[in-house]
Amino acid sequence: MAVTAPPATRTLTLTIDGREVTAPEGATIWEAAKEAGIEIPVLCHDERYDPVGVCRMCVVDVGGRVYAAACVRPCEEGMEVRTATPEVEQRRATLTQLLLVDQPPPERDPKETTTADNELLALARRYGVQREDGLPLGSGRGEDHSNPVIAVNHDACILCDRCVRACDDIQGNDVIGRSGKGYTARIAFDLNDPMGDSSCVTCGECVAACPTGAIVNKPIRDVPIQPRSELDQVDTVCPYCGVGCALTYHVDRERNAISFAEGREQPGSKRRLCVKGRYGWDYAQDPQRLTKPLIRREGSYPKGPLSTDVRGEGRGRRKPGGLVNYDEVMPHFREAEWDEALGLVARRLKEIHGQHGPGSIAGFGSAKCSNEEAYLFQKLIRAGFGTNNVDHCTRLCHASSVAALFEGVGSGAVSTTYGDILNADVAILAGTNTTANHPVASSFFKQAKRRGTTLIVVDPRRERIADYADIYCQIKPGTDVAFYNGVMHEIIARDLVDREFIARRVTNYGELAKVVRQYPPERAAQICGVDADTIREVARLWGAAGAAVIYWGMGISQHTTGTDNARCLIALCSITGQVGRQGTGLHPLRGQNNVQGASDAGLIPMFYPDYQLVTREDARERFQAAWGRELDPERGLTVTEIVASALKGGVRGMYMMGENPFLSDPNVNKVRKALAALEFLAVQDIFLTETAEFADVVLPATSYMEKDGTYTNTDRRVQIGRKVLEPPGEAREDWRIVCDVARRIGLPMDYESPREVFDELVSLTSNYAGLSYDNLGEMGKLYPNPDPERSDGTVVLFDDRFGTDDGKAHLVPAEWLPAKELPDEEFPFVLNTGRLLEHWHTGSMTRRSYALDAIQPRALVFLNPDDAARMGIAEGDFVRITSRRGSIELGARLSHRDTPGTCFIPFHFREAAANVLTIDELDPYGKIPEYKFCAVKVERVGPGPSAGNGAAAAVRSDGGEEYRGERAEVKSTSPSDGSDAEPAG
C-alpha cells in the first residue's frame, strides 16, 4: 500500500526500530511505519480518516527525547523512532487499563457485541491487563436503542471521535458530534437527540468505525451478530442502486441467513455503504418468498387485480403496509410442478406466436438481474420468437439520456466515474437527488466540495445535496433547456468557449450558437425562475474551470423533453472542452444496480448486445450466425409502446422477468387494462407482485443473494455477484428458467454456468473484450479495458475522439418547450415523483426489509408549508391528490425543500401509488414517460391519527425526508375513471 501523504516533490529518510525507511515528505510516522510493515497500535486512528491524536495509543519514542503520537507527527530527515521500547509499551498498557475502567463487561449482550473485533479488548489481551474487580461501572452515560438496527452504549465510548470523522469526512452527513464537558462528555446526534430521532441516515459508517463496541449493529430477523470466525464471508456487490458498492456478507450457514454486512475495498465505493446496502438484505429471507410454480385457476378469469385489502396483514409479516395480500391472492392460483408450469408457458407463447405472428409476443427483462440473465432473456425473445419487442426499466429512467448520448458522443455509457469529481474544479449536479438515490456517490460529491470543488446544484426541489452547494439554482419544473441555454449564451458571449476543441472535435457549433443566442440570461430567468446574475455566475464559473464535470439524474431524463435536456448538457461540456480529461465529462447516474449491464447485454428493442443496431444488416448477420436463427430487421417496441400495443390487441403474450410495471409505469389505470387484455402472461419473480396478480403462470426465481452472475455499475465497472444463500423451496435461478423455456420452444440453450454465458456475451461485445470471471477478481474491472490482467480499466473516455463515426461530438440545439400538461385552475399544483433513501422502486424488496420498512413505513406527500397553511393542512393530515387520471389519499409531510405550487410523492407505495396520477406522454426520442411533471390538485380530507394529542412532528427546518415519531396512516380511494381496479395500484 502506498503511503498516504500530500503531494510531494521529495522523500526523506528516517530510522524506525533500527531500520532505514524512506517516506514522502509530509507523511506521518504511523504511515511510514505501516508502509515498512511495522505495526503501531491505534484506537482513534484509521487510514481513511484525518489523524487527530486523541487516544495517544500510538505514542512512540522520538530520538530518546520526546514521546509523540505517531498518527499526527510528521516524519523528519534523520529522525530516529522507536515504536516498542519497554517504556513505550508500559505507557500503552497503562493507558489501556485506564480506558477499561468505564467499560461495560465484554459481551454484555451476545446479540449485539460479539463480532469479536473490539480493538480495545484486543489491546487489553495484548498487554495482559483487565478491568480491576470492585471498581464501579461507568456512571451511566446511557444507552440509546432508538434506531431500529444500531445500538449505542455511551459507557463503552472512549471519545476517540472515529465515528465523528466517519460521519463527517467519509459519508459527509455531519450528524455526530460531542455534548457535555469533562467526564460527562459523550458523542451526540444532532443537538443531543436520540439517534433514531436525529437526521442520521443509518448508513452504519459509525458502526464500522467504532473500535470499542459503543456503536454496534442490532440483529435482524433474530439472526445473532456472531464473531467473524464463526461465519462464512462472501464478497459480492450491493443489489440496489447503480453505484454498485462492494460488500461482504457474513453468513450463518446453519441458519442459511446473513448475520451482518460490511463494505469492502474497491476503487469506486472504497468500503462505503448506505442504509440499503448495510441493512436492506433481509428481504431474501422473507416468508412471502415464492417457492413453487403457480398456475391460475380456471375460475379466476377474467383477469384483474386480486388483492384489494392493501392494509391486510399478510403472512408472517410484522407490519406489511401496502404489500400484496397473499391471503387474498393465493386462492386464485394452484401450485404446480416445474415441468407443467414451464410446458404451459412455452405452449401458450408458441400458440400466440403461431396465430398472430412474432409481433404479438413481448418480453420485459429486469435491471435487477445479471448480465448473463439479461443476455439470455433478450436472446430468447429475439431468436426464439423472432421479435425485438424486448425492453426493461432503462426505458423509465435514462432512455432519453442514452438517446442524446448516442446521438452526441456515440456512446450511451458514462465518460468518467463518480469518484473523478475529486479531480474537478467545478461540478454541476443536475436533476439528481444523489443523497437518496446514490448515497455513496453523494459522499464523494460532498467530499469534493470539502476539498475545494465548486459545487453547482440545479434542481426544482431543494434536495439535501443542495445544502452543500456553492450555488443552488432552484429552477421551475420543466425549464432545464431554458436554464442551460441561458448559461451557454453567457459562455459564448464572454468568449469562454474552447475554440481549439470546437474546431477539432465538435460539429454544428454554429447552429447551437444561433439557438442559444435567443436565450440571454434575462429571458432564461423569466422562464426558469433563476435570476439572471446567478445564470451569469454559473456560466463564468463553468467557463473558467480547468476541469469541470456534469452528473445528472432522472430530473433531467424523465421528461417529454428529456432528450433535449441531455443534449444541452452534452453541448455545455463540448463547447468548453470539458470532456476527455481527468475531472471532466458526462455522467448520467444509473438507477438500478445493473441497468448499465442489461443495456450492454442488449435488453433494449433497438440494439443487440454492445449497442449494435438491429436495423443494420452487418450487425444482424453477426448475431444470426452466432445464434443460428433468422432475426427481425426492424426495431421492437419499448416498454411504454408495448403497453399501448396490448391495449389495441397487438401484443397478446408476454414474459416478464423481474419487472413490476403495474406500479412502475405511468398511468396505472391504463397499465391495468393492458395487463388484463393480454391473452397470456408469465411472470418470473421472487414475490407475488401487483403485476403477478394478472399472471397465468408465476415462476419462482432466486433472489440476487442466491445466484452467481456479473453486474455492471454506473461507472462501467463489471463485477461478480456471488451466491450468498441457498434458495427457498424450489426457486430456480433466472438464467436456468430462461434456458428451460427456450429449450421447450425449440431454441437450444445448454449452459453449465453463468461463466459460460458471460464468455459468449463477451465474444459478441467489443466493450467487454478481454474480460472473464478469472480477471474480474474481487473488485471487478472498468470497461473498455485494453489489459484486464494488469489494469483496472479506462476511467476517462473520449480523450482523443468520440464514439461517433467521425470521432466528433455532434451538437443538437434545443428550444425550450413547456410540459405537455400544465397547471390550471382545476389542477393548480405540479406533481414531482421520485425515490426515498430507504426504499427502492415498487418496494417489493425494501418494504420487506426490517430496517428500511421500520424507518420509512408510510406513503407521504411532501408539501410546501405555505401552500399547506393556505389549504388548512397540518403535518400528518390526510390529503387527497387528484390528477386527470386518478386519485390517491395519503399523509401530508410539510417540507421547506418543496417550492410553492409543487408537491412530491415517492412511488414505492402500492397503497398510494404515485403512478395512478402520472401522465403517459412520452419523450419522442427516448420514449421515456413524463414522471416529473403533471398537474394535480390537493385537498385536505381529514386529520391524521396524531391530531389533537400533540404527538405529530413539527415542520423540520431542513425539510429532510426522514419522517420520525408518529406516522400517518394511508388511505386509498377508487380511481377517477370509476373502474373496478383496486384503487391506488
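Predicted model: local features only at pLDDT ≥ 70, side-chain atom pairs only at ≥ 80, totals over all residues.
# Helices and strands: terms set against values

Reader: What is the hand of the crossing of helix 13 and helix 17, and which residues make the contact?

Author: The crossing is right-handed, a term used when the near helix is turned clockwise from the far one by less than a right angle, with anticlockwise giving left-handed. Helix 13 contributes Phe483, Gly486, Val487, Glu490 and Ile491, and helix 17 contributes Ile535, Arg536, Val538, Ala539 and Trp542; contact means heavy atoms within 4.5 Å. These residues comprise 7 nonpolar, 1 polar and 2 charged. Nonpolar covers Ala, Val, Leu, Ile, Met, Phe, Trp, Tyr, Cys and Pro, charged covers Asp, Glu, Lys and Arg, and polar covers the others, Gly among them.

Reader: What makes helix 13 roughly perpendicular to helix 15?

Author: The axes of helix 13 and helix 15 (residues 509-516) cross at roughly 110° and come within 9 Å. That angle places helix 13 roughly perpendicular to helix 15. Helix 13 passes helix 15 in a left-handed crossing. On the helix 13 side stand Asn485, Met488, His489 and Ile492, which meet Tyr509, Leu512, Ala513, Val515 and Val516 of helix 15. By class, this contact has 7 nonpolar residues, 2 polar and no charged.

Reader: How do you know that strand 2 and strand 4 stand at the edges?

Author: The open sheet has 5 strands in the order 2-1-5-3-4, with mixed pairing. Strand 2 (19-24) and strand 4 (66-69) each have a single partner strand, so one side of each lacks a neighbour in the sheet. The twist averages 40° from one strand to the next. Strands pair if DSSP finds at least two bridges between them. Helix 2 (residues 86-100) lies across strand 3 (59-62), strand 4 and strand 5 (80-82), at about 160° to strand 3. Helices (H or I, at least four residues) and strands (E, at least two) are DSSP runs, numbered from the N terminus.

Reader: Why is helix 10 called largely enclosed by the rest of the structure?

Author: In helix 10 (residues 399-409), 8 of the 11 residues are buried, so the helix is largely enclosed. Buried means under 20% relative accessible area, exposed over 50%, and partly exposed in between (1.4 Å probe, protein chains only). Among the buried residues are Ala399, Val402, Leu405 and Val409. The packing partners include strand 22 (548-552), helix 19 (562-575) and strand 23 (585-588). Gly410, which follows helix 10, has a positive phi near 80°.

Reader: What covers the buried residues of helix 25?

Author: The cover includes helix 8 (338-356), helix 9 (371-385) and helix 26 (754-763). Helix 25 (residues 734-744) has 8 of its 11 residues buried, so it too is largely enclosed by the rest of the structure. Trp735, Ile737 and Cys739 are among those buried. Just after helix 25, Gly746 takes a positive phi of about 95°.

Reader: Why is Ile550 called buried?

Author: Ile550, in strand 22, has a relative accessible area of 0% and is therefore buried. Leaving out residues up to four places away in sequence, Ile550 touches residues including Ile428, Trp542, Leu569 and Leu586.

Conventions. Residues numbered from 1 in each chain as written. Heavy atoms only, no water. Axes fitted to C-alpha atoms, helices over the stretch in contact; angles between N-to-C directions. Parallel < 35°, antiparallel > 145°, perpendicular 65-115°, else oblique.
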